[in-house]
Each structure stands twice: as structure tokens, then as C-alpha cells.
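Please open the structure in a viewer and keep the selection panel at hand. The stops below each name a selection and describe what is found there.

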Amino acid sequence: MGLPMTVDVASTRIVGGRTQAADSPWFPSSPYASSMAGVGSAVSSTSFSQQDVLDAFDISDPRIRSIFLNSAIQRRFLALPPLGEDGTRLPEAQGDLLDKHKALAVDMGVRALRACLDDAGAAVSDIRYLCCVTSTGFLTPGISALLIRELGIDRHCARTDVVGMGCNAGLNALNAVSNWAMANPGELAVMVCTEACSAAYALDSTMRTAVVNSLFGDGAAALAVVAGPGSGALGEPGRPRILKFASCLIPDAMEAMRYDWDREQSRFSFYLDPQVPYVVGAHAELVIDRLLAKTGLLRSDIRHWLVHSGGKKVVDAVMVNLGLTRYDVRHTTGVLRDYGNLSSGSFLFSYERLQQENVTAPGDYGVLMTMGPGSTIETALIQW
């Protein structure tokens, strides 16, 4: 496999101007450290501006138009419903949407995974563990089995499917993938988040639907993870190692984000409570403090912030509560602008942009943050 496993062990770290021993208690206790070895992404084939979507569905209600046009989103990749003879978009039955989800999720997942392997310098034959994430449709057998067949991955490959956890699920999956990699040093694990948000598109005139329809886009992202020796070591040059995870479930907001059955339309639809940004913002400090607890790190020591592109108000709420700048969340807002909310894979699109920017330095710390139904905030601490 084309992934070097040698890692140099450093004896000290400079953290916020303070010298800290590499064997300080907060460093991973495992004899192996998992690193993010490669990343790749893919989208569906057609993109639309927000005005294009308004025109496609002939939306004239000024309240709904305002939601679309003030979303901080310029374009999204979508597979819109087919046109009828009269030129209007036809409603799609739930069965048709499941077919759409399967086709889009597999196609985007395949392309994202291939791009990830190219970035990691690895081959399909190197994959030993595959974890697939999706919340925009339900399949049995799941995405992992379909990708194994489609790509010719070894049929003995270990696999997991994470279904229905929502926009936060990418970090839940990364936790599992990182742990598998540390238990199997030198073996390649790959996570694929593939979300066909077009398969969750509803057609009605409600504000509930308008908010959702203005926000989500199709996309897939894949991340390669591998573990090498040296619990206190920095990762490979330019490839961050994964240090720690922290979660926060907000039971009082359990119903604030949900994907449930719409009896009137005989289909599933997504719901976002208007209070979601404020709920997320109010708990952002709590989970970040937990993430950094016992590390000796201050929030100001974090050089790179990769936050889920959950929507303009969500990102603003996180910024305000964590004291972040527009520069800190530039990739988050850039992904939102160019793709909309990509659900579970959004943070990997931001990570890919950061890697392409080539501004990280050895020793830099980063925080990954995702938010979703539960309501839930998931975080991870990484270091280049």
C-alpha cells in the first residue's frame, strides 16, 4: 500500500507558548495514533442557483422567496423532479425517491471514494474497513455492500453502515473508523458520507418545506484513515492525526430536527425548528470546553475550525458563542455558498478546502464540529 507508516515521536510540544511533554495525560493512550490520510468529494451532475430553483417550481410567495434568496447560498447540486407535459415539476412517490437515493448515493459515493484513494496514494485493494453514512434514504443491503460490489472491494472487507443519524453523523462515524484503525495498525479504513438530499425534496407551499428546500444539496465525501506507531507523534506531513472526540446531546431539543413521515404527502420529510441555531449556539461552548478539557489547550490555541455548513444562522450562532472570526469559518461559509448544506459530509468538504489551501503547519491544532438531530453536537480534536 502506498501509505508510509513511519511516524517520528516528538518529546515536547509548544502549546499556547507553554512547553508540554509529549507524554502528557491528554495524548492518546493507545500505542498507535490514527491519521487522516486522504480526502475526496463528489456531487450530483446538475447545479442550480437559488433563483433557478424558485423558477423551476414557480414560487412567487415573497416569504418563501426571501428564505431562498437570503440563505447565503449561491448554488447547489440537485437532481430535481422530472418535468411534466405542461412544464411543471412532477411530484415523486416515496418509492421513486428511494430509487433516486440509491442511484445518486452510490454514484457520488463511488466517485468520492476514488478521489479519496487517489489523495491517499492507495488502491481499492488496500481497503480493509468501510464505513458508510447516509440519512437521505434507507437501503437494505446498505451503501457499504453496494460500494463493495460496485468497486470490486475485497468481499471480506469489514463494514458498517450509519443510517439516520443526520448531519452530525460524519463525526460519529469517524470515531468508529479511527478506533478500528488503531485496533488494526497499518490497515486502511475508509469512511464515505453520501447524501442524496434531492431524495428528501418535498413539494408543497408550507414554510416547513420551504426552509428545508432552500438549504440542502447533494454531495458525498470520503476520508481515508490509517494508524501508525507512536502515541505522542505528529501525523504524516500535512496529514493530521485524530486526538480526541467529545459529544453533547440536547434532550430538550429532541424534536427540533427530525426526518419523519408526512401523512398528507405519504412520504418522509425533514423538519427544522426555527430555534435550532440558538439551541446549537447555546451549547457550543459546553462541548468545546469538554473537548479541550485536560489537554492544556485554550480555545485560542486552535488554528483551524471546520464547522458543519448547517445554514447561515447556525454558523453565525457558533461564531458568536465561540468567539470565532469570519476567517476562522471561511471554508464552512464557502461550502455553504457553493453547495448548500450537504448533511453528514459537509465538514469533509471544508477539510478538503483547507488541505488544498496549504496553510497548515506541523503542530497546528484543529477542531471539527458537526450538528444534527438529537439535537446533537459532535466534535473532534486533530493535530497536524
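Helices (DSSP runs of H or I, at least four residues) and strands (runs of E, at least two) are numbered from the N terminus. This is a predicted model, in which local features need pLDDT of at least 70 and side-chain atom pairs count only at pLDDT 80 or more, while totals for chains, interfaces and linings use all residues. Residues are numbered from 1 along each chain as its sequence is written, and side-chain values use heavy atoms, with hydrogens and water left out.

Begin by colouring the model by pLDDT, the predictor's confidence in each residue, from 0 to 100. The protein has a mean pLDDT of 88, and 90% of its residues reach 70 or more. Select residues 1-25, where pLDDT stays under 50; the model has 65 contacts (heavy atoms within 4.5 Å) beyond four places in sequence for this segment. Residues 230-235 also stay under 50, with 28 such contacts.

Next, select residues 94-120, helix α3. Gly-121 follows α3 and has a positive phi, near 70 degrees.

Finally, select Ala-200, Ala-202, Arg-208, Thr-209, Val-212, Asn-213, Ser-269 and Phe-270, which line the largest cavity. A cavity is a set of points on a 1 Å grid over the protein atoms alone where a 1.4 Å probe fits but cannot get out; lining residues have an atom within 4 Å of a point. The space in the largest cavity is about 40 Å³. Helix α6 (207-213) and strand β12 (267-272) each give two or more residues to the lining, with the largest share, four residues, coming from α6.

Methods:
Expected span 1.5 Å × (residues − 1). 1 Å grid on protein atoms, 1.4 Å probe; cavity = no way out; pocket = protein on both sides within 12 Å on 5 of 7 lines; lining within 4 Å. Points joined across faces, edges and corners; volume = space filled by probe spheres on them.
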